[in-house]
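Please keep the sequence and the structure in view while reading.

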Amino acid sequence: VHSSASLRTDIMSWRAHLYDVCPDLQSFLDDFDIAEEDTNIKLCLPSDFNANDRLKYKLERHSACELDMRRGEAFDIIRSLRTTVRILTQYNYKAHKERGVKLATTRMSRAFREAKMLKEFWMSEYRLVYGLMVNLGLSTSDETFRPLLEEDLHRPRFVEPTEFCAQELGWIWTVSTSSTNTNGTSFLEWEKEGNDDLCHALINLISSI
């Protein structure tokens with residue numbers, strides 16, 4: 001109850017701030033009631049409005065700021081998604097290497113399921129943020145941020161140059177956080193981020209428990 005009340009207090013403070021920085025939004029805020037259910041609370045960000053309403057309330061500049069923020073958020077999600085997929089790849093590799101042996105221990109199996117759930121979570125988060133970015137004006141033909149499909153997560157089991165992969169490398173591995181598309185880059189370059197060492201360490205730690 002305390003956390004819910006605290007959240008509503010924060011929302012009221014945020015609305016008061018909007019009232020000052022977005023004077024054209026004041027008429028909307030005067031008639032806007034906070035939903036009883038916390039999950040339904042809207043922050044009245046530009047992405048909460050359609051394009052016509054953003055023009056009506058003169059939120060164009062704020063829309064550009066939010067879009068930049070969402071781009072950064074999307075990059076963070078992609079990084080987390082990459083790491084999670086790498087961890088799943090290591091689990092699959094271990095299972096393949098120990099063919100005929102039950103997936104290590106019960107804890108290993110549970111960790112594998114949790115990693116799969118985490119992958120679904122990050123995919124869902126990316127799709128949500130992508131939808132917000134499109135609403136804010138991101139082109140649906142943007143070469144950096146794209147709709148996310150399961151096949152977009154594909155990476156080869158073993159480190160090898162992209163051109164030798166039987167299946168096309170998923171775009172999440174070739175998108176750069178410098179906002180430039182780097183298609184054709186050797187997959188080995190992306191492995192230099194060092195996250196695979198972390199994956200191996202996690203697998204070894206779980207296996208030793």
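## The largest pocket

Helix H4 gives the largest share of the lining of the largest pocket, namely four residues, where helices (H or I, at least four residues) are DSSP runs numbered from the N terminus. This is a predicted model, in which local features need pLDDT of at least 70 and side-chain atom pairs count only at pLDDT 80 or more, while totals for chains, interfaces and linings use all residues. Residues are numbered from 1 along each chain as its sequence is written, and side-chain values use heavy atoms, leaving out hydrogens and water.

A pocket is an open set of points on a 1 Å grid over the protein atoms alone, where a 1.4 Å probe fits, with protein on both sides within 12 Å along at least five of seven lines; lining residues have an atom within 4 Å of a point. The largest pocket holds about 330 Å³ of space. Its lining has 13 residues, and those closest to the centre are Val85, Leu88, Thr89, Asn92 and Arg155. Helix H4 (60-97) and helix H5 (106-135) each supply at least two lining residues.

## Cysteines

Zero disulfides are found in a search of the whole structure, a disulfide being a pair of cysteine sulfur atoms within 2.5 Å. The closest cysteine sulfur to that of Cys44 belongs to Cys22 and lies 9.6 Å away, which is too far for a bond.

## Glu120

Glu120 is placed in helix H5.

Note on methods
Points joined across faces, edges and corners; volume = space filled by probe spheres on them.
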